[in-house]
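This report concerns the place of one ligand in a protein model and the parts of the chain that surround that ligand. Please examine the structure before reading on.

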Amino acid sequence: MIPRLAAAPPPSVRVRAPGKVNLGLRVGPVGDDGYHPLATIFQAVSLFEEVTATQVTPGAGISLTVSGPQADAVPTDESNLAWRAAALLAERTGLAADVQLHITKGVPVAGGMAGGSADAAAALVACDALWEAGVPRPDLVELAAELGADVPFSLLGHTAVGTGRGDLLTPAMTRGEFHWCFATQREGLSTPTVFRRFDELAGPSTPRVAPADDTAIMHALRAGDPVALGKALHNDLEGPALDLRPELADVVEVATESGALGVVVSGSGPTVAALGRSRQHALALGAAWTAADVVDAVWCATGPAPGTQIVTPMRA
Ligand SMILES: C[C@](O)(CO)[C@H](O)COP(=O)(O)OP(=O)(O)OC[C@H]1O[C@@H](n2ccc(N)nc2=O)[C@H](O)[C@@H]1O
Ligand SMILES: Nc1ncnc2c1ncn2[C@@H]1O[C@H](COP(=O)(O)OP(=O)(O)OP(=O)(O)O)[C@@H](O)[C@H]1O
């Protein structure tokens with residue numbers, strides 16, 4: 001008998017992109033475009049989104065599936081940031097927008113850790129490789145900024161200062177590894193809602209100048225000093241996030257009482273980030289949160305982590 005040959009799987013590319021925490025986040029007054037000028041220091045952490053882009057028959061269009069924790073909270077239509085990234089890349093390169101995307105979530109959804117932004121960055125890189133578009137890196141970064149303020153940092157990774165909307169990036173020098181534990185809540189917070197609450201709480205007294213960067217954080221990073229970093233963590237959106245979610249104060253308190261070197265709301269929240277002395281201490285902070293029953297889930301990670309990377313190159 002002649003053995004039947006299995007059909008070869010279609011070409012595909014698998015790409016990984018990190019989530020982030022803002023070590024410092026200073027917010028200026030809202031501009032006419034509805035965006036706030038920021039001075040922020042991003043750190044990418046070892047919680048990763050994976051996007052697999054698979055070739056489909058010409059004319060099939062874009063399709064998208066999602067798996068992993070909280071997958072049911074993520075849209076699978078054209079509102080998904082990864083879908084929008086594929087469509088934007090096709091439009092700008094003149095290539096056909098034909099691809100099957102699969103997202104494996106590893107970053108908390110709507111938690112202020114830029115999970116959707118990581119999907120957009122990963123989809124840009126995956127489709128660029130699958131379609132052999134060869135878009136130069138600076139052009140990919142421009143497309144990333146069009147998709148969202150956090151998307152360029154997901155491409156870059158490691159640690160970086162962000163100005164403008166948070167999309168103008170300068171890599172920051174760091175030494176060593178920092179050990180984080182993140183407390184997440186089942187119900188996320190909407191980023192525009194938190195910025196709006198910031199405006200309401202700041203009132204007309206918001207300084208009319210662009211906010212300054214955080215030199216204490218930069219010194220701590222360069223020295224690889226987690227104690228100094230813990231003391232310097234700062235987030236102007238923490239007040240509005242706590243105002244919208246008063247119960248987050250308990251999460252901050254439990255981590256502080258458990259000896260965290262620093263505790264801060266991540267980005268627009270509601271995720272709370274606690275910095276540990278070591279990997280074991282970060283795990284212990286997570287255990288303290290779970291024992292106190294103030295969180296829905298805990299996620300331990302290290303930073304800095306690399307930016308968007310192809311993990312499985314095109315397989316035909
Ligand atoms: C809170 C942070 O995560 C800190 O890194 C980011 O500033 C948010 O970045 P993002 O989610 O990628 O934001 P986008 O998707 O570009 O914008 C969503 C909404 O957030 C608000 N927004 C965002 C960034 C910024 N610098 N000012 C803003 O006011 C605007 O209302 C905007 O319509
Ligand atoms: N690929 C995606 N993954 C997750 N959410 C997505 C995605 N695309 C669109 N969304 C929508 O965007 C909302 C915010 O998702 P995301 O997980 O990126 O929030 P976030 O981490 O708070 O974002 P950021 O930190 O960039 O402000 C979700 O509630 C969801 O409805």
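In this predicted model, ligand 2 lies between domain 1 (12–171) and domain 2 (178–303), because both domains give residues to the shell around the ligand. There are 22 residues around ligand 2, and those that come nearest are Ala110, Ala114, Gly115, Gly116 and Asp119. Two elements, α1 (81–93) and α2 (115–130), each give two or more residues to this shell. The largest share, 4 residues, comes from α2.

The two domains into which the protein is divided, domain 1 (12–171) and domain 2 (178–303), have C-alpha centres that lie 23 Å apart. Their contact takes 28 residues from domain 1 and 37 residues from domain 2. On the side of domain 1 that touches domain 2, the elements that give two or more residues are the strands β1 (12–27), β2 (38–54) and β5 (159–163).

| Group of residues | Nonpolar | Polar | Charged |
|---|---|---|---|
| Side of domain 1 that touches domain 2 | 18 residues | 9 residues | 1 residue |

A further feature comes from a database record. An unreviewed UniProt entry places "domain: GHMP kinase C-terminal" at residues 218–291. Over residues 218–291, the chain is 58% helix and 15% strand, and the end C-alpha atoms of this stretch are 34 Å apart.

Methods. Residues numbered from 1 in each chain as written. Chains lettered and ligands numbered in written order. Predicted model: local features only at pLDDT ≥ 70, side-chain atom pairs only at ≥ 80, totals over all residues. Near = placed C-beta within 6 Å. Domains from an automatic or database assignment. UniProt positions renumbered as here; feature names shortened; annotations may be inferred. Contact = placed C-beta atoms within 7 Å. Nonpolar A, V, L, I, M, F, W, Y, C, P; charged D, E, K, R; others polar.
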